[in-house]
Amino acid sequence: MDLQTCLDKLRLIGTLDVANVAADGTPQVRCISAWHHGSDAVYFLTSRGKPFALDLARDGRIQAVGRTRFNEMLRLSGTAVEVTGKEGVRIRDLIYVEQPYLANVYPGDTRDINVIFQVTNASIEYFNLGVHPIFRETYRLDGAAPVEQARGYRITDSCIGCGTCQGVCPQGVIEEGDPFRIQAEHCLHCGACYEACPIQAIKRIGE
């Protein structure tokens, strides 16, 4: 798996569920199909007067998720920033070419109410539940090394090597060692090892 393949899979999915935060702090989820990606950027279209655009002007943090029929989940995370001027118009018109139905929604010059957002500081997490063991990996669109998310579990140096964690791991992805090690790319983040460890040698990442 690589970044470009993830982007291609997102394109095949078509419609993404996008979550953001409203002004009152409540979560909001929208479906967007009017979006475009290049090799290093993702853009989407909405309209200036919609609550979605107004919310993003206050707090641009978003997550978008799609799922393939092969039980692959792709999650796009980042901050939405408005693209203005000629570049915004260029991306808008490109999205209209890629999504012809938009001409029926905003015919002629009424498309001028549209606004384009680029997802900056963007990363894509690929999570495949259709293989064994499961597989997950994160890619950055700007080529930078992915920042470790505060998710999942780690085995500390307090480990006594009893093997209890191995016996409860649904995916069987805990390796013997000093200390034992969880294969992060195959971890479900379910917490079974964390609950079973007799000496609390397993910690949540970020603790």
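Over the ring of which residue does the charged end of Arg 136 sit? Select Arg 136 and Phe 127: the charged end of Arg 136 sits over the ring of Phe 127, 4.0 Å from the ring centre. Keep in mind that this is a predicted model.

Next, select Arg 111 and Tyr 96. Here the charged end of Arg 111 sits over the ring of Tyr 96, at 3.9 Å from the centre of that ring.

Now turn to rings that pair with other rings. The count of aromatic pairs is four. One of them is formed by Phe 44 and Phe 52, which are stacked, with 5.6 Å from centre to centre and 15° between the planes. Both Phe 44 and Phe 52 are buried.

For the last stop, select Tyr 153 and Tyr 194. Why is this pair of rings called tilted? The ring centres of Tyr 153 and Tyr 194 are 5.3 Å apart and the planes are at 45°. Planes under 30 degrees apart would count as stacked and those over 60 as edge-to-face, so the rest are tilted.

Tyr 153 lies in strand β9 (residues 153–155), and Tyr 194 lies in helix α6 (residues 192–196). The two are 41 residues apart, and their pair links distant parts of the chain.

Finally, show the surface. Tyr 153 is buried, with a relative accessible area of 14%, whereas Tyr 194 is partly exposed, with a relative accessible area of 26%.

How values were computed:
Residues numbered from 1 in each chain as written. Predicted model: local features only at pLDDT ≥ 70, side-chain atom pairs only at ≥ 80, totals over all residues. Heavy atoms only, no water. Phe/Tyr/Trp six-rings, centres within 6.5 Å; stacked < 30°, edge-to-face > 60°. Buried < 20%, exposed > 50% of the residue type's maximum accessible area, 1.4 Å probe, protein only. Helix = DSSP H or I, 4+ residues; strand = E, 2+ residues; numbered from the N terminus. Lys NZ or Arg CZ within 6 Å of the ring centre and 35° of its normal.
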